[in-house]
Amino acid sequence: MSSPFVIVYGGSGALGSVAVRLFKQHMYQVINIDLSSNASADHSIAVPSSLQTLSEQSAFIADKVSVILNNRKVDAIVSVAGGWQGGNAASDDFIGSADKSIKQSVNTSLIAANLAARHLCPSGLLVLAGAAPALKGTPGMIGYGMAKAAVHHLVTSLAMPGSGVNGRVVGILPVTLDTEENRSAMPAADFSSWTPLTTVVEKIYMWLTSPAECESGKLYTITTENSLTKFE
């Protein structure tokens, strides 16, 4: 019997790369979707930069995934594509940063949701990446907060009857992830309040393999204090 499949959207990024490695360690076949390939994945779908619209990207990805799966289902789709964008309404790049946030977070989450409707097994898990700060106003990063709030709404909607997705759907809402990029940008920060990437991915794997531990439709806020992480 062939190994089960998992899709990681954003599998070439910091958190996504850790997710790819962990699922490979647990004998899953991993499909990575990103702007670039990840050699650790079994299959990589590199989305060309020439595909600018949501419809173009979605059609390209859907075709590639369908060929790889060949009518098989996936156990999980973990969408962690994205990126931080700052700026208030008076910023010179306000519109541009907001547009980028929507493309990075909302568009990728919509494509992941569509893939789940087509390919996720009934007991499967769809994970979308929101952000804890977007639970309230974000005046210094309006476009980013707005995009993440939209992802929160998508999680809630997809978990409801009639959404078209039959599996479980959860949102992960970190505050600050402990990445090399964040450490370089904020070298004086308190790293004990940052969440390790492996902690997030191990929790996702636990949700996948222990369904009773996962509440569909829940937005899990991830907080770390004194190197102790909570999912609430």
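Biologist: Why are H1 and H6 called oblique to each other?

Modeller: Helix H1 (residues 14-25) and helix H6 (residues 197-209) pack at an angle of about 50 degrees, with their axes 9 Å apart. Angles under 35 degrees count as roughly parallel, over 145 as roughly antiparallel, 65 to 115 as roughly perpendicular and the rest as oblique; H1 and H6 are therefore oblique. The model is predicted: local features need pLDDT of at least 70, side-chain atom pairs count only at pLDDT 80 or more, and totals for chains, interfaces and linings use all residues. Residues are numbered from 1 along each chain as its sequence is written, and side-chain values use heavy atoms, with hydrogens and water left out.

Biologist: How are the axes and the helices themselves defined?

Modeller: Axes are lines fitted to C-alpha atoms, for helices over the stretch in contact, and angles run from 0 to 180 degrees between N-to-C directions. Helices (H or I, at least four residues) and strands (E, at least two) are DSSP runs, numbered from the N terminus.

Biologist: Which residues of H1 and H6 meet?

Modeller: With contact meaning heavy atoms within 4.5 Å, the residues of H1 include Ala14, Leu15 and Val18, and those of H6 include Leu197, Thr198 and Glu202. The contact comprises 12 nonpolar, 1 polar and 1 charged residues. Here Ala, Val, Leu, Ile, Met, Phe, Trp, Tyr, Cys and Pro count as nonpolar, Asp, Glu, Lys and Arg as charged, and the others, Gly among them, as polar.

Biologist: How many disulfides does a search of the whole structure find?

Modeller: The search finds 0 disulfides, a disulfide being a pair of cysteine sulfur atoms within 2.5 Å. Cys121 is in none, and the nearest cysteine sulfur, that of Cys214, is 13 Å away. That distance is too far for a bond.

Biologist: What makes Cys121 count as buried?

Modeller: Buried means under 20% relative accessible area, exposed over 50%, and partly exposed in between (1.4 Å probe, protein chains only). Cys121 has 12% relative accessibility and therefore counts as buried. Cys214, at 9%, counts as buried too.

Biologist: Where does Glu213 lie, and what does Glu213 contact?

Modeller: Glu213 lies in the loop between H6 and strand S9 (219-225). Leaving aside neighbours within four places in sequence, Glu213 is in contact with Met206, Trp207 and Tyr220. The C-alpha atoms of Glu213 and Lys203, 10 residues apart along the chain, are separated by 9.7 Å.
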